[in-house]
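Hello,

Here is the structure for you to look through. My notes on it follow below.

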Amino acid sequence: MTNLNKLVRNTDSLLKFRLSIYFLAFAHLVIMSIRLLLVKDFENSEDETIRVYAKSKWKLITTWFNLLSFGYIPVCIYCDLRELKENGTKHLKMFMGIRDFLFTSFVLPTTAFADILFWRLWYHDRELMFPQSVDNVIYYWEQHSLHTLSLVFVIFDLLFVRRERPKSMVPGIIAMLGFISLYIAVCVHSVANEEYLYPVLKKFSPSKLLVLTIYTLTSVLFYHTGQWLVIDFINGHQRRLKKNV
């Protein structure tokens, strides 16, 4: 077997491996979304602290990045299925560009920020995130399904999907900051109406909310920048390997 044939075979194996992960991730996403957004009955709970989630569950950052994944994962599946059959067509390159833009501008920065912050607050004081009574409705293993597996998935995607640094970072950064700013606006509007999506927001004065906003924007910029450092490192390593093929 020539080196070229080995490379093609390895590429096909990687695509099939990625597809299996994408299908599993999408199945998990569908099951957990149905379970948490549709099946669990927050509205009829006797506990008032739980009833508020009947409406506010749609405003949680976890819901937002999981809904993003409903659009992102099918694009990934389509790209990998097509790449198994063809390579380099303009049509495929367009969808791969959409896939990479969605991931680097929305999926990774938002998921990494939300999941890492969630567990930091959880182990500091879990009631900063939600009342203890929520444990009776959302179990501990479900929290890991929402805030651990999602992070594992984006790390997998970062490491196993080849991407190239774009000529300009500006469009991706603008899109990401626009998305996060929209979410911040939803949170501020909720606080103004005394609807606290997270109990920690009750403790914040307007000046502290401003600091939190700056922290949030800075954090997503950090994760956005960090992913490209990882991508550049992986690409450099792959180029050195190809030279030896």
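How much accessible surface does the chain have, and what share of it belongs to carbon and sulfur atoms? The accessible surface comes to about 14100 Å², and 66% of that belongs to carbon and sulfur atoms. Accessible areas come from the Shrake-Rupley method with a 1.4 Å probe, and for residues only the protein chains shown count as cover.

Two notes on the source before the rest. This is a predicted model, in which local features need pLDDT of at least 70 and side-chain atom pairs count only at pLDDT 80 or more, while totals for chains, interfaces and linings use all residues. Residues are numbered from 1 along each chain as its sequence is written, and side-chain values use heavy atoms, with hydrogens and water left out.

Overall layout

The chain has nine helices and zero strands. Read along the sequence, the pattern is α-α-α-α-α-α-α-α-α. Helices (H or I, at least four residues) and strands (E, at least two) are DSSP runs, numbered from the N terminus. Taken along the principal axes, the C-alpha atoms fill a box of roughly 65 × 35 × 30 Å.

The chain has 245 residues, and buried ones make up 42% of them. Buried means under 20% relative accessible area, exposed means over 50%, and partly exposed is in between (1.4 Å probe, protein chains only).

Take the contacts between residues at least 6 apart in sequence: 80% of them join residues at least 24 apart. Contact means heavy atoms within 4.5 Å.

The salt bridges

Side chains of opposite charge can pair when their charged atoms come close. The rule here asks for a side-chain nitrogen of Lys or Arg within 4 Å of a carboxyl oxygen of Asp or Glu. By this rule the count comes to 11 salt bridges.

Which residues are linked in a network of salt bridges? They are Arg18, Asp80, Arg99, Asp100, Asp157 and Arg163.

Start with Arg99 and Asp80, whose side chains meet in a salt bridge at 3.8 Å, N to O. This pair links distant parts of the chain: Arg99 is in helix α5, Asp80 is in helix α4, and they are 19 residues apart. Arg99 counts as buried because its relative accessible area is 2%. Asp80 is buried too, at 0% relative accessibility.

Arg99 also meets Asp100 in a salt bridge, at 3.1 Å, N to O. Asp100 is buried, with a relative accessible area of 18%.

Asp100 forms a salt bridge with Arg163 as well, and the closest N and O atoms are 3.2 Å apart. Arg163 lies in the loop between α7 and α8 (170-192) and Asp100 in helix α5, so this pair ties together parts that are 63 residues apart in sequence. Arg163 counts as buried, at 2% relative accessibility.

How α4 and α7 pack

Two packed helices are described by the angle between their axes and the distance between the axes. Helix α4 (residues 61-85) and α7 pack at about 35 degrees, with axes 13 Å apart. The contact is made by Phe65, Tyr72, Ile73 and Cys76 of α4 and by Ser150, Phe153 and Asp157 of α7. Axes are lines fitted to C-alpha atoms, for helices over the stretch in contact, and angles run from 0 to 180 degrees between N-to-C directions.

α4 passes α7 in a left-handed crossing. A crossing is left-handed if the near helix is turned anticlockwise from the far one by less than a right angle, and right-handed if clockwise.

Which residues make the nonpolar surface patch of about 460 Å²? Leu14, Phe17, Ile155, Leu159, Phe160 and Val230 do. Patches are made of residues with over 30% relative accessible area and no salt bridge: like charges are joined within 9 Å, nonpolar side chains (Val, Leu, Ile, Met, Phe, Trp, Tyr) within 5 Å.

α1 (3-39) and α7 (149-160) each supply at least two residues of the patch. α7 gives the most, with three residues. Phe17 sits in helix α1. At 38% relative accessibility, Phe17 counts as partly exposed.

Asp12 lies in helix α1 and is partly exposed, at 28% relative accessibility. From Asp12 to Phe113 is 101 residues in sequence and 32 Å in space, C-alpha to C-alpha.

Gly97 is in helix α5 (residues 90-125). Gly97 is partly exposed, at 36% relative accessibility.

Best wishes
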